Amino acid sequence: MTRVLVIGSGIAGLSLALDAADAGHEVLVVTKGELGHSNTRYAQGGVAAAVFSDDSVESHISDTLAAGAGLCDPEAVRVLCAEGPDRIHELIALGVAFDMHDGELSHGLEAAHSYPRVLHAGGDATGAVIEAALVARLRERRVTIHEHAFLLSLLTESGPGSRVVGADVELDGGARVRLDADAVVLATGGAGQLYPYTSNPPAATGDGVACAARIGARIADVELYQFHPTTLARAGNFLVSEAVRGEGAVLRNAEGDRFMTEVDGAELAPRDVVARAVFAEMTQQGGLPVTLDATALGADFLAERFPSIDAAVRAAGLDWAQEPVPITPAAHYWMGGIATDLHGRTSVPGLFAIGECARTGVHGANRLASNSLLEGAVFGHRAALALADREPWPATPHPSDFNALSTSVGREGLTTRDDVESALKSGLGVSRAAIQQVMWDAVGLVRDGEKLADAVETLSGWLAAAPQPTDRASHEDANLLLIAHACAQAALARTTSVGAHFRSDDPATASASPVLLSV
């Protein structure tokens with residue numbers, strides 16, 4: 001029997017935990033909040049899969065590769081799209097009630113898809129419905145669950161090439177414990193709190209990626225952060241799903257004119273294209289938000305098809321059935337992360353990574369809408385199968401990919417004494433707000449070499465001068481600072497534009513090589 005420690009409880013972590021428990025492994029699940037309170041819960045749009053007779057796996061593959069702008073791993077994309085339908089049927093068997101219409105699964109169209117293959121549940125509550133079903137099934141298994149527990153660090157054997165043997169965790173109430181394991185699975189989600197404007201919940205602070213980087217795990221493509229083009233221009237940046245545009249809503253500028261009509265795909269162009277167009281229009285308008293016009297859809301349809309969004313919009317004092325609502329881009333999804341092979345194995349023996357914290361290669365430079373939930377289910381299942389694999393740990397994940405630029409994320413050699421003194425004199429310290437502002441200004445939707453170089457210098461100084469964290473909040477901030485520095489370094493190193501990484505000083509298409517970082 002293998003003792004498996006799963007850190008995180010979104011669709012990826014729960015899928016693996018269920019499969020591992022059913023295979024007879026001893027499973028421990030550690031989650032930062034309540035079980036089920038993950039990024040998965042906030043996924044509105046749906047889950048994409050080629051499950052309809054007039055669709056095809058090849059079409060889904062083609063759409064995913066096109067959206068990824070040349071940086072997808074074709075083998076990983078084929079695994080995702082080919083195995084996706086089986087995972088959907090498993091979710092249904094586990095009790096996920098996808099929406100139905102006339103006795104068949106309902107499905108909608110989202111940006112950059114050539115076919116309406118996006119399944120949804122609860123109208124616009126797909127992630128929450130999936131999460132609830134998986135949590136219910138997990139509670140029926142003999143699985144140890146630690147809620148409100150925080151990952152402090154990963155534990156390894158001593159010596160080069162050492163294996164992960166567990167984790168230090170702070171339990172609810174403050175007790176710090178060592179949890180030993182034969183395999184550790186990171187399913188810790190993204191890092192939306194790198195930015196002041198994000199669709200992610202407060203818990204998305206990149207803890208798993210930061211802890212993996214500290215023990216030498218390879219991370220890649222961390223500069224590739226997707227900004228969702230349509231979040232409410234109100235505090236909290238509530239996400240207005242792409243599915244709303246899929247149903248016919250349009251974007252308008254301050255003059256009331258559509259501004260996406262000359263773009264291939266218009267409002268349903270790839271997310272990076274739409275987000276930059278919205279950002280450019282806002283800049284032209286002096287910072288005023290653009291609007292999403294869904295009035296043609298009607299009040300009854302909006303309330304039935306998008307009940308969660310309808311409630312949130314109305315709670316903000318807006319009637320989107322009668323007038324366009326103000327929207328703005330916000331940080332949404334991290335395409336990069338801990339580099340893995342096709343079974344979730346990282347470069348550190350015994351350590352797996354799945355879900356948004358992993359860089360599997362399926363998303364490339366721009367995630368295709370509604371592929372994230374599918375990735376969690378597919379690679380959670382594949383990682384569970386690999387737990388029983390007694391073959392030698394692979395030397396490197398995706399070995400053909402890792403011949404690109406390598407940059408250190410560590411403290412050594414990053415700053416001069418002047419850099420540190422300058423950072424300390426600035427009075428900014430290493431506050432989360434300061435990190436977020438640097439990231440938004442320099443590593444946001446539009447980037448250039450000068451701002452990125454300044455950001456790297458600033459973050460380097462803060463990193464070198466940062467005190468040791470003492471509580472959960474300061475641990476989170478330390479994780480964000482480490483990741484922010486890695487993102488800025490990687491963005492500076494990738495000098496050409498590709499997908500979500502747009503360099504205004506060189507907007508040419510980049511080569512299809514990931515930027516690899518390791519401590």
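This is a predicted model: local features need pLDDT of at least 70, side-chain atom pairs count only at pLDDT 80 or more; totals for chains, interfaces and linings use all residues.

Biologist: In what order do the strands of the open sheet come?

Modeller: The 5 strands run 8-2-1-12-19, with parallel pairing. Strand 8 (144-146) and strand 19 (351-353) are at the edges; each has a single partner strand, so one side of each lacks a neighbour in the sheet. From one strand to the next, the twist averages 20°.

Biologist: What makes strand 1 largely enclosed by the rest of the structure?

Modeller: Count the buried residues: 4 of the 5 in strand 1 (residues 3-7) are buried, so the strand is largely enclosed. Buried here means under 20% relative accessible area.

Biologist: Which elements make up the right-handed β-α-β unit?

Modeller: Strand 1, helix 1 (residues 11-22) and strand 2.

Biologist: How do you know that the length of helix 4 agrees with what it should span?

Modeller: The expected span is 1.5 Å times one less than the number of residues. For the 14 residues of helix 4 (residues 126-139) that should come to 20 Å, and the end C-alpha atoms are 20 Å apart, so the two agree. Its buried residues include Ile130, Ala133, Leu134 and Leu138. As a general point, an α-helix has 3.6 residues a turn, so residues three or four places apart point the same way.

Biologist: Now the charges. Why is the contact between Glu140 and Arg137 called a salt bridge?

Modeller: The cut-off is a nitrogen within 4 Å of a carboxyl oxygen. Glu140 and Arg137 meet at 2.9 Å, N to O, so they qualify under the 4 Å limit. The structure holds 31 salt bridges.

Biologist: Is Glu140 buried or exposed?

Modeller: Exposed, because its relative accessibility is 52% and the label needs over 50%. Arg137, at 21%, counts as partly exposed.

Biologist: What about Asp389 and Arg345?

Modeller: Their side chains meet in a salt bridge at 3.2 Å, N to O. That pair links distant parts of the chain, 44 residues apart: Asp389 is in the loop between helix 10 (372-386) and strand 21 (406-408), and Arg345 is in the loop between strand 18 (337-339) and strand 19. Asp389 is partly exposed at 35%, while Arg345 counts as buried at 13%.

Biologist: And what makes Arg503 buried?

Modeller: Its relative accessibility is 4%, and buried means under 20%. Arg503 meets Asp505 in a salt bridge at 2.9 Å, N to O, and Asp505 is partly exposed at 43%.

Biologist: Which residues are linked in a network of salt bridges?

Modeller: Lys32, Asp207, Arg432, Glu476 and Asp477.

Conventions: Residues are numbered from 1 along each chain as its sequence is written. Side-chain values use heavy atoms; hydrogens and water are left out. Two strands pair if DSSP finds at least two bridges between them. Helices (H or I, at least four residues) and strands (E, at least two) are DSSP runs, numbered from the N terminus. Axes are lines fitted to C-alpha atoms, for helices over the stretch in contact, and angles run from 0 to 180 degrees between N-to-C directions. Buried means under 20% relative accessible area, exposed over 50%, partly exposed in between (1.4 Å probe, protein chains only). A crossover is right-handed if, with the strands pointing away from the viewer, the path from the first strand over the helix to the second runs clockwise.
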